[in-house]
Amino acid sequence: ANFPDLPALADDAYGAAHQIEAEAMSLADEAVVKAEMVHAATGMPVLTEASSVELSSNPNSRSTKSYVFRGEVDSRVDELMHKLRPLSAPNRAAVFHTVVAFTNGTHRVFGDGMAAAALCIANSTMATIARSAAYDDILEKLAKEYGLRFTGPNVEAGGGGQVVLPSESKVPGKEMPGARMLRERVLRDGKVLDSGILKVSSFLNHQVDVNLIEACGEELAVRLERTMPNKILTVEATGLVPSVFVGRYLNVPVVFARKKRPLTISDAFTVSYRSVTKGAMAELIVSEEYLSPGDRVLLIDDFLAGGSTAEALFKLIKMANAKVVGVGVLIEKLDDSGRAFLSGYEVPVESLVKVGGLDEGRIDVLDEPPFVVPQSPGDASMAKPGTDDDAGASGAKGA
C-alpha cells in the first residue's frame, strides 16, 4: 500500500533514529495499521508489511547510541554502515526485521522474519532475507487458518514454500470444459480399429492438442484435489501428457514408470504385467529415489480398460510402502472390466469420457452433465456426474 511509513521518526542525515523513538510504534502495529487502512478503503483482505534495520551500539564505545531505519531499506543504510565500519568492533551487528500483517476485517494474522549479520559484512540486500522469512511465516499460518495447501520444493526440508491458491477457472459453481471438449473430439476425430481399439492418435497419444489436454488436466485436478496427493504416478509415454497438466494444477511432482531400465537407475521397484496393446508380458520400473514410504500417490493415465496396468502401478506403490489415494483417466471403456477389476482397492476414480461401445466402427459415448466446481474440495464427489466414486480404475493404451 502506498502509505507513508509509520510512525514519523526524528531522523538524522541518514534517516536513522534513536531506538527509544523507534519504539513509539512496533513493526507489528505499523503493519496492521496499514492493513486496516487498506481494508477500510477497499473492503478486501489485505497483506501489508513493515520493515526496519537496527545498527546496534558499538561495543568499543562508551556511547549507547544505535541507529534504526524504518520503511524502505535503501542506499542510506549502506552509506551509514560504510562510514561506521572503521570505528566499529567486529561483533557490532546489523539486524534486519520485517513483520507482515493480514486482515480481512475480522481476523488478524502476523508473520515475522529476522536476519542478523556482523556490520563488517552486512549490506542492505540482506533485508530480503528477513522479508522472505516473514512472508513464509504468514503464508504457512494462513494455510493452516484457511485450509490452504502450503507446498513447495523446500517444505519437507523445513524451508519455505508457497500457498497454492485456486486458478481463475476454479470458481465455485462454474462448469469445467475439459470433459465436454474431449467428448466432442473423440466423436469427431476418434477412429475404431479392427481389433476394437479406439485410436485417438491425432489429438492425444501421438499428436497432442495441448489446449485440449490442458483443459482435461485441470478438470481432473479439480475433481481429485480432495485426495490431497503429494505425487502423481503414471506410465510412459502417453500417460505422461495428461499427468503433467494435473501435476501443474495440483503443484505436485509427476513420476512416470519406465518400461525399460536405463543405466542411470540402480535400485528400483519392478513389477511384471500383461500389456493389452502389446499382447505380451511387460515390466514397469520406478527408481526407489522417487517413491517413498508415506507418499500419497494419485494415478493418472490416458485410458481405463482392463485394469492390468493400474494393478501393476498399485503393486509398485505398495512395494514403496506408499498409498494410492485416487485414479484419474481421460477415457474409460465401459465394455472392459477395469473399474470392477480394481473396485476392491476402494479409491475414488474419475474419468472424463466414458465410451460405451465400439461396434461396427461406431463410437458410443455416454452423455454426462458437466462437472461443476464445488464450494470446497471435499464437496467434489457431490459435484461430479453420477458415477461410482469408490471404484478403482486403470489405463490401457489406445492406438
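To begin, in what order do the four strands of the open sheet come, and is their pairing parallel or antiparallel?

Modeller: Happy to! Keep in mind that this is a predicted model. The four strands line up as S2-S1-S3-S4, and their pairing is antiparallel. Going from one strand to the next, the twist averages 15°.

Strand S1 (residues 46-55) runs antiparallel to S2, and four bridges join the two.

Helix H3 (residues 75-84) lies across S1, S2 and strand S3 (93-103), and H3 runs at about 170° to S2. Helix H4 (residues 127-146) lies across S1, S3 and S4, with its direction at about 155° to S4. Strands S1 and S3 therefore have both helices lying across them.

For context, the model also has an open sheet of six strands, ordered S10-S9-S13-S14-S15-S16, where the pairing is mixed. Strand S10 (254-257) and strand S16 (364-365) each have a single partner strand there, so one side of each is left without a neighbour in the sheet. Within that sheet, strand S9 (residues 231-235) pairs with strand S13 (residues 296-304) in the parallel sense, over three bridges, and leucine 233 stands opposite leucine 299 in S13.

How values were computed
Residues are numbered from 1 along each chain as its sequence is written. This is a predicted model: local features need pLDDT of at least 70, side-chain atom pairs count only at pLDDT 80 or more; totals for chains, interfaces and linings use all residues. Side-chain values use heavy atoms; hydrogens and water are left out. Two strands pair if DSSP finds at least two bridges between them. Axes are lines fitted to C-alpha atoms, for helices over the stretch in contact, and angles run from 0 to 180 degrees between N-to-C directions. Contact means heavy atoms within 4.5 Å.
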